[in-house]
Amino acid sequence: LTVFIITSITGGDNNDTNSQDSSNISQVDSENQSSETSSKDEKAPEYVTFGDFTADKNYERLILVNIKNPLPEDYDYTDNLMTFPESYKWGSKEYLQIDKDMWPYLKAMMDAARADGIEIGITSPFRDYNTQKNLFNNKVQSLMQSGLSKEAAEKETATKIAVPGTSEHHTGLAVDFNGTSTSFENTAAFSWLKKNAENYGFIMRYSA
């Protein structure tokens with residue numbers, strides 16, 4: 001099993017709900033990094049064209065979100081979100097929000113993949129804290145009904161679903177790609193992303 005989790009240099013979420021059959025791609029926001037780059041080290045804009053989008057290739061979004069660096073329950077990212085077209089969604093048409101600054105880079109990459117004949121779509125973009133909490137608690141309840149104690153159920157759930165507050169999906173900077181019936185590493189989409197993602201400012205973060 002390989003999970004394709006990549007982070008953007010123009011800009012990962014381990015233990016995600018789709019980790020067994022999808023690719024997770026994310027960008028992370030420098031304002032909250034403990035080792036924030038000083039203004040004197042900032043690079044001058046250098047423009048590059050991605051499809052119909054002209055971007056600054058030195059643009060960065062960095063924020064560290066994981067089990068040791070959780071976001072608070074009242075973390076509010078809504079002002080940074082936009083609704084992307086349903087044609088870029090895979091499966092259910094719910095959850096169609098994403099970071100508005102990251103979207104042009106992601107769209108350009110998806111357009112290029114599709115032009116190369118690669119079937120690619122977003123299965124899960126932005127999820128707020130309460131949505132993640134419901135996903136986590138529902139899985140815990142399901143495991144408890146199968147006979148596990150609450151403690152054991154929570155421990156098992158945390159290996160598959162991010163604990164609320166620790167998912168990069170809370171930031172709007174992460175998406176999961178392509179639900180599959182086999183390991184994602186065996187798909188053409190995985191091969192394409194592994195070869196081309198860095199051209200759009202993304203790199204692989206985790207494999208498992």
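1. The model is predicted: local features need pLDDT of at least 70, side-chain atom pairs count only at pLDDT 80 or more, and totals for chains, interfaces and linings use all residues. Residues are numbered from 1 along each chain as its sequence is written, and side-chain values use heavy atoms, with hydrogens and water left out.

2. The chain has four helices and nine strands. Helices (H or I, at least four residues) and strands (E, at least two) are DSSP runs, numbered from the N terminus. In sequence order the pattern reads β-β-β-β-β-β-α-β-α-α-β-α-β.

3. Strand 3 (residues 47-50) pairs with strand 4 in the antiparallel sense over four bridges; two strands pair if DSSP finds at least two bridges between them. Phe50 has Phe53 in strand 4 as its bridge partner.

4. Asn58 sits in the loop between strand 4 (53-56) and strand 5 (81-83). Leaving aside neighbours within four places in sequence, Asn58 is in contact with Lys43, Ala44, Pro45 and Glu46, contact meaning heavy atoms within 4.5 Å. Asn58 and Gly201 are 143 residues apart in sequence, yet their C-alpha atoms are 9.3 Å apart in space.

5. The structure contains four aromatic pairs. Rings of Phe, Tyr and Trp (its six-membered ring) pair if their centres lie within 6.5 Å; planes under 30 degrees apart count as stacked, over 60 as edge-to-face and the rest as tilted. One of the pairs is Phe84 with Trp103: the ring centres are 5.4 Å apart and the planes stand at 20 degrees, so the pair is stacked. This pair links distant parts of the chain, 19 residues apart, with Phe84 in the loop between strand 5 and strand 6 (97-99) and Trp103 in helix 1 (residues 103-115).

6. Why is the pair of Tyr88 and Trp103 edge-to-face? Their ring centres are 5.2 Å apart and the planes are at 90 degrees, so the pair falls in that class. Tyr88 is in the loop between strand 5 and strand 6, 15 residues from Trp103 in helix 1. Phe84, Tyr88 and Trp103 form one aromatic cluster. Tyr88 is buried, with a relative accessible area of 8%; Trp103 is buried at 6%; Phe84 is buried too.

7. The largest nonpolar core has 35 residues. A nonpolar core is a set of buried Ala, Val, Leu, Ile, Met, Phe, Trp, Tyr and Cys residues joined through side-chain atoms within 4.5 Å. Those with the most contacts inside this core are Leu106, Met109, Ile122, Phe177, Trp192 and Tyr200. Helix 1, strand 8 and helix 4 each supply at least two of its residues, and helix 1 gives the largest share, eight residues. A second, separate core has five residues, including Phe136, Val140, Leu143 and Ala153. In soluble globular proteins, nonpolar side chains tend to be buried together.

8. Which residues of helix 4 (residues 188-196) are buried? They are Ala189, Phe190, Trp192, Leu193 and Asn196. Seen down the axis of helix 4, these fall within an arc of 165 degrees (taken from the directions from the helix axis to the C-beta atoms), so they line one face of the helix. The face turned away from the buried side carries the exposed residues Lys194 and Lys195.

9. Trp192, in helix 4, is buried at 8% relative accessibility. Not counting residues up to four places away in sequence, Trp192 touches Met109, Ala112, Ala113, Asp116, Ile118, Ala197 and Tyr200. Trp192 and Ala113 are 79 residues apart along the chain, with their C-alpha atoms separated by 7.2 Å.

10. Strand 8 is covered on both faces: Ala174 and Asp176 are buried on one side, and Val175 and Phe177 on the other. Strand 7 (residues 122-124) pairs with strand 8 in the antiparallel sense over two bridges. The bridge partner of Ser124 in strand 8 is Asp176.

Terms used: Buried < 20%, exposed > 50% of the residue type's maximum accessible area, 1.4 Å probe, protein only.
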